[in-house]
Amino acid sequence: MIPVPLRDAVSEELYGGKAAQLAVALQAGLPAPDGVALSTDVVEALHSGSAEAIANLELAFEQINWPVAVRSSGIGEDGEGSSFAGQHDTLLNVVGAQQALAAVRQVRDSGHTEAARSYRERMNLPLDPKIGVVIQRLVNPDSAGVLFTRNPINGDDERVVEAAWGFGEVVVSGLVTPDHYRFERSGRLLEATPGYKDIYLTMLPDGGLEEEMVELDKVEGRCLGDDQLVQLNELAMLCEEIYGGEQDIEWAFADSTLYLLQRRAVTAIGGG
């Protein structure tokens, strides 16, 4: 009934798909932020109010460097046939034990919504969800976004990156029009189209995020340089080598360092 170091959470049956994927990343030396993982049994015990589970979690929290990101890690999540992208909650800039415990319960409950159930039904997955949780050191990014190792629209053999200032949630939630980059596996740039990135998210001192306006001279400026695209291509190649297949990668740059935040298999490719 205790959290385990994220790098040790290799069992998807115990800790869910996202935790298992990140454990592989950490063991392979990929630049993923470290953290802890809660098994599906621990999450259910916390949800039911188990005093033992709560005490163990609070003890583990004494070793955590706040703030953190609290992410879902359901059985079947981030798998080869189903991603659950957008179905389960992620909470960022969680500060302190009480916020973290509430976040774990919220993430657990997000796996039990009607929308999540309908997704499971469409994917022919068990309708009784088992949700683990990842509690991960939070990266405060200068820029962030998503990377596809193959074009998800037409299936072309090229990298596609969408990026914005600050946290990548503005990209995945559609709050801004992100920069759009395409480049060959060799790294040769094919397209660099700046978006309109007028909003970014900042961390509040007591937890959570708020919207801020981007400086006018940066709204339509590129948020990634050519050297950063080279680093993203190197990360893409490493993920392909370690995991195999096509990759959907969430990443962030903070203080010139590239981080792998999440990784899942691409479950649908366009084109013919």
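Biologist: What is the mean pLDDT of the chain?

Modeller: This is a predicted model, and 90% of the residues in the chain reach a pLDDT of 70 or more. The mean pLDDT of the chain is 91.

Biologist: Which elements do the buried residues of α3 pack against?

Modeller: Helix α3 covers residues 40–47, and its buried residues are T40, V42, V43, A45 and L46. Just after α3, G49 has a positive phi of about 90°. The buried residues of α3 pack against α1 (12–15), β2 (35–38), α4 (51–61), α5 (97–110) and β5 (131–137).

Biologist: Is I64 buried or exposed?

Modeller: I64 sits in the loop between α4 and β3 (68–74). Leaving out residues up to four places away in sequence, I64 touches V36 and I135. Its relative accessible area is 16%, and the cut-off for burial is under 20%, so I64 is buried.

Biologist: Which strands stand at the edges of the open sheet of six strands?

Modeller: The order in this sheet is β9-β8-β7-β6-β12-β13, with antiparallel pairing. The edge strands each have a single partner strand, so one side of each lacks a neighbour in the sheet; they are β9 and β13 (257–265).

Biologist: What does the twist of that six-stranded sheet average from one strand to the next?

Modeller: The sheet is open, and its strands pair in the antiparallel sense. From one strand to the next, the twist averages 15°.

Biologist: Why is β6 largely enclosed by the rest of the structure?

Modeller: Strand β6 (residues 143–148) pairs antiparallel with β12 (residues 247–254) over six bridges. Six bridges also join β6 to β7, again antiparallel. β6 is largely enclosed because the number of its six residues that are buried is six.

Biologist: What is the bridge partner of F148 in β7?

Modeller: In β12, F148 stands opposite D248, while L147 stands opposite I249. In β7, the partner of F148 is V160.

Biologist: At about what angle does α9 run to β12?

Modeller: Helix α9 covers residues 226–243. It lies across β6, β7 (159–165), β8 (179–183), β9, β12 and β13. The angle of α9 to β12 is about 140°.

Biologist: Which side chain does the side chain of K197 join through a polar contact of 2.7 Å?

Modeller: K197 lies in the loop between β9 (189–193) and β10 (199–203). K197 is buried, with a relative accessible area of 0%. Its side chain reaches the backbone oxygen of G221 at 2.8 Å, and the polar contact of 2.7 Å is with the side chain of D179.

Biologist: How many disulfides does a search of the whole structure find?

Modeller: A disulfide needs two cysteine sulfur atoms within 2.5 Å. The cysteine sulfur closest to that of C223 is in C239, at 19 Å, which is too far for a bond. C223 is buried at a relative accessible area of 5%, and C239 is buried at 0%. The number of disulfides found is zero.

Definitions and conventions:
Residues are numbered from 1 along each chain as its sequence is written. This is a predicted model: local features need pLDDT of at least 70, side-chain atom pairs count only at pLDDT 80 or more; totals for chains, interfaces and linings use all residues. Side-chain values use heavy atoms; hydrogens and water are left out. Buried means under 20% relative accessible area, exposed over 50%, partly exposed in between (1.4 Å probe, protein chains only). Helices (H or I, at least four residues) and strands (E, at least two) are DSSP runs, numbered from the N terminus. A polar contact is a pair of N or O atoms within 3.5 Å; within protein, one must be able to donate a hydrogen and the other to accept it, and residues adjacent in sequence count only if both atoms are side-chain atoms. Two strands pair if DSSP finds at least two bridges between them. Axes are lines fitted to C-alpha atoms, for helices over the stretch in contact, and angles run from 0 to 180 degrees between N-to-C directions. Contact means heavy atoms within 4.5 Å. pLDDT is the predictor's confidence in each residue, from 0 to 100.
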